[in-house]
Amino acid sequence: MEFNSDFLKKEVRCGFEIPVMMKRAWAAQMEILKIIDEICKKNNLRYFASYGTLLGAVRHKGYIPWDDDIDVVMLRKDFKKLNGVCKKALPEGLFLQDKKNDKGYPFHFDKIRLDNTEVVDPFLKGVNIHKGIYIDVFP
């Protein structure tokens, strides 16, 4: 994916400063979403932007300045199918995180994570799971 030269620069939006590291995380998340989009198209799966991602797309024409992830939602049948195809379809460096493959994973939805990265998540302090850059996938 290509980004214009200003995308990765620090900026202030709606009075909120978005640092370079957050811009880099956003870029990585958009790369992950592009791959998920390709997998979904290839497997005839539907997904939709949801929660802060949908609000940001409409209200801010992109990310909400203080948001830190991408949220997508799928019909349960598509969610289950995506869960089944991810192991083979995800390129090296990405993996599906759920309760089955990450003991101690506390959520009832999946994450597509980027390996060899780490995010600071106050909700996961002290929880021993992979904490890389991700997008959330909700059934």
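User: Two strands pair if DSSP finds at least two bridges between them. Which order do the strands of the open sheet have?
Analyst: This is a predicted model, where local features need pLDDT of at least 70 and side-chain atom pairs count only at pLDDT 80 or more, while totals for chains, interfaces and linings use all residues. Residues are numbered from 1 along each chain as its sequence is written, and side-chain values use heavy atoms, leaving out hydrogens and water. Helices (H or I, at least four residues) and strands (E, at least two) are DSSP runs, numbered from the N terminus. The open sheet has five strands with mixed pairing, in the order β3-β4-β7-β6-β5.

User: Which strands stand at the edges?
Analyst: An edge strand here has a single partner strand, so one side of it is left without a neighbour in the sheet. That applies to β3 (48-49) and β5 (94-97).

User: Do β4 and β7 run parallel or antiparallel?
Analyst: Strands of a sheet pair through backbone hydrogen bonds, in either of two senses. Three bridges join β4 (residues 71-73) to β7 (residues 134-138). Asp-71 has Asp-136 as its bridge partner in β7. The two strands run parallel.

User: What angle does the direction of helix α2 make with that of β4?
Analyst: Helix α2 (residues 51-59) packs on the sheet and touches β3, β4 and β7. Contact means heavy atoms within 4.5 Å. Axes are lines fitted to C-alpha atoms, for helices over the stretch in contact, and angles run from 0 to 180 degrees between N-to-C directions. The angle with β4 is about 110°.

User: How do β5 and β6 run, parallel or antiparallel?
Analyst: Four bridges join β5 to β6. Leu-96 has Ile-112 as its bridge partner in β6. β5 and β6 run antiparallel.

User: How many residues of β6 are buried?
Analyst: Strand β6 covers residues 110-114. Four bridges join β6 to β7 in an antiparallel run. β6 is mostly covered, and of its five residues the buried count is four.

User: How far apart are the closest N and O atoms of Lys-111 and Asp-136?
Analyst: Lys-111 stands opposite Asp-136 in β7, and both residues are buried. They form a salt bridge (a side-chain nitrogen of Lys or Arg within 4 Å of a carboxyl oxygen of Asp or Glu), with the closest N and O atoms at 2.6 Å. The pair links distant parts of the chain. In distance, the answer is 2.6 Å.

User: How many salt bridges does a search of the whole structure find?
Analyst: One of them pairs Arg-13 with Glu-11 (3.0 Å, N to O). Glu-11, Arg-13 and Lys-23 are linked in a network of salt bridges. The search finds seven.

User: Is Asp-98 buried or exposed?
Analyst: Asp-98 forms a salt bridge with Lys-100, the closest N and O atoms being 4.0 Å apart. Lys-100 is exposed, at 65% relative accessible area. Asp-98 has 6% relative accessibility, so it counts as buried.

User: How far from Asp-69 is the nearest side chain of opposite charge?
Analyst: Asp-69 lies in the loop between α2 and β4. Leaving out residues up to four places away in sequence, Asp-69 touches Gln-29, Thr-53, Tyr-63, Tyr-134 and Asp-136. Lys and Arg count as positive and Asp and Glu as negative; His and the chain ends are not counted. Asp-69 is buried yet has no salt bridge, and the nearest such side chain, Lys-111, is away by 5.4 Å.

User: Which phi does Cys-14 have?
Analyst: Cys-14 lies in the loop between β1 (11-13) and β2 (16-18). At 58% relative accessibility, Cys-14 counts as exposed. Although Cys-14 is not a glycine, its phi is positive, about 55°.

User: Where is Asn-44 found?
Analyst: Asn-44 is not a glycine, yet has a positive phi of about 55°. Asn-44 counts as exposed, at 68% relative accessibility. Its place is the loop between α1 (20-42) and β3.

Note on methods:
Buried < 20%, exposed > 50% of the residue type's maximum accessible area, 1.4 Å probe, protein only.
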